[in-house]
Amino acid sequence: MTRQPSPAFGIQGLGVHVPRRRVSNAQIADQYGVDPEWIERMTGVRQRQYAEPGQATSELAVSAAEHALADAHLSPRDIDVILVATSTPDQLAVATACRVQHRLGADRAWATDVGGACAGFLYALKTARDILAASHPDGHALVIGAETFSKFQNPVDRSTGVLFADGAGAVVVGPATTGKGILCSAQGTDGALADIVGIRAGGSARPTTERTVSEGGHYLHMNGKAVAAYFQDVFPKIVDRLVQLSGLPLGEIDLVVPHQANPRMLRSLSLELGISASQLVVTADTFGNTGAASIPMALHVARDQDRLHPDTTVLHVAVGAGMTWAGTVQRWL
């Protein structure tokens, strides 16, 4: 029996929400005990955006989703599934995606959150593609990456405070012609490193107490050296794996749009791998590291810069807490 090829799916719509509150290095340097120039020299970040105190992650996600739906010329009722990738949910026990589904009026869709931290958007993109292929071959999925890291930053910890920021990006995934859309994906996890970055308290292992609050357990923490070492080790391996899976040499990839971890490190590592400046898309210098939101936000910037066109081949790499990693190659619709 001849095996039928899997149906193809790709991104049909793209939207972002960037909070209005812009925060420069000069505005935060004193609280972290550094000079503004030190922040840019060490990370490459010049500024970032923060949500307002009353804005939850779901609010940013809904706005990005509305833009993506309009871009795809679809209504919320055209959506079959909603996946929200976030490390900063509105609350525990209730998926942020449920609030997004309700506020959009996407009453036909089932909705849930996806973990994976900074790799979460690519996890969700892979999951959405598989769900559509299995259950909704003519349907559409809404995949959103959204973060409000500013609400979880330790005001005296420069390892996270100068780097992480807020934002949301969304894509509509739907049917594509063969040879276009998502061409291949790869994912992995190394749970032995689960403690080097994350939020330690507030879950079942360390429920909230006066002690966890006083110790700062509810702030985002990061062992910067360990995270950087893992990123530098696994990033080239993901690129190599995607080149093998796609059959496309790196020189034939038009754009490399990675998770925006650290712009200085991204540029240095990409140069070592032979990724040219014309291929690489870096946005964290102006947006900071927006975690699961960073890849769709960077795609939006690339399109605004007229770097993203039909048939453009795009390679994505993301590394997140857990430690998690993911990669995808797509041919733009």
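Modeller: What follows covers salt bridges, an aromatic pair, a helix, some backbone features and a surface patch.

Colleague: What should I know about the model itself?
Modeller: This is a predicted model, in which local features need pLDDT of at least 70 and side-chain atom pairs count only at pLDDT 80 or more, while totals for chains, interfaces and linings use all residues. Residues are numbered from 1 along each chain as its sequence is written, and side-chain values use heavy atoms, with hydrogens and water left out.

Colleague: How many salt bridges does the structure hold?
Modeller: There are 12 salt bridges, each defined as a side-chain nitrogen of Lys or Arg within 4 Å of a carboxyl oxygen of Asp or Glu. One of them joins the side chains of Asp-285 and Arg-46, at 3.6 Å from N to O. Asp-285 lies in helix α10 (residues 284-287) and Arg-46 in the loop between α2 and β3 (47-50), so this pair ties together parts that are 239 residues apart in sequence. Helices (H or I, at least four residues) and strands (E, at least two) are DSSP runs, numbered from the N terminus.

Colleague: Is Asp-285 buried or exposed?
Modeller: Asp-285 is buried, with a relative accessible area of 10%, whereas Arg-46 is partly exposed at 39%. Buried means under 20% relative accessible area, exposed over 50%, and partly exposed in between (1.4 Å probe, protein chains only).

Colleague: Which residues are linked with Asp-285 in a network of salt bridges?
Modeller: Arg-46 and Arg-267 are linked with Asp-285 in that network.

Colleague: And where does the partner of Lys-180 lie?
Modeller: Lys-180 forms a salt bridge with Asp-311, with their closest N and O atoms 3.2 Å apart. The pair links distant parts of the chain, 131 residues apart: Lys-180 is in the loop between β7 (166-176) and β8 (181-189), and Asp-311 is in the loop between α11 and β12.

Colleague: Turning to aromatics, how many pairs are there?
Modeller: The count comes to 2 aromatic pairs. Rings of Phe, Tyr and Trp (its six-membered ring) pair if their centres lie within 6.5 Å; planes under 30 degrees apart count as stacked, over 60 as edge-to-face and the rest as tilted. The ring centres of Phe-231 and Phe-235 are 5.3 Å apart and the planes are at 35 degrees, so the pair is tilted. Both residues lie in helix α8 (residues 224-246), 4 residues apart, about one turn of the helix. Phe-231 is buried at 4% relative accessible area, and Phe-235 is buried at 1%.

Colleague: Why is helix α11 described as largely enclosed?
Modeller: In α11 (residues 294-304), 8 of the 11 residues are buried, so the helix is largely enclosed by the rest of the structure. Among the buried residues are Ile-295, Met-297 and Leu-299.

Colleague: Which residues does a cis peptide bond join?
Modeller: A cis peptide bond joins Gly-322 and Met-323, with omega of about -10 degrees. Met-323 is in the loop between β12 (313-320) and β13 (324-331). Most residues other than glycine have a negative phi, and most peptide bonds are trans. Ala-93, not a glycine, has a positive phi of about 75 degrees. Ala-93 is exposed at 89% relative accessibility.

Colleague: Lastly, which residues form the negative surface patch?
Modeller: Asp-30, Asp-35, Glu-37 and Glu-40 form the patch. Patches are made of residues with over 30% relative accessible area and no salt bridge, with like charges joined within 9 Å and nonpolar side chains (Val, Leu, Ile, Met, Phe, Trp, Tyr) within 5 Å.

Notes:
Areas by Shrake-Rupley, 256 points an atom, 1.4 Å probe, with all protein chains shown as cover. Lys, Arg positive; Asp, Glu negative; His and termini not counted. Charge placed at Lys NZ, Arg CZ, Asp CG, Glu CD.
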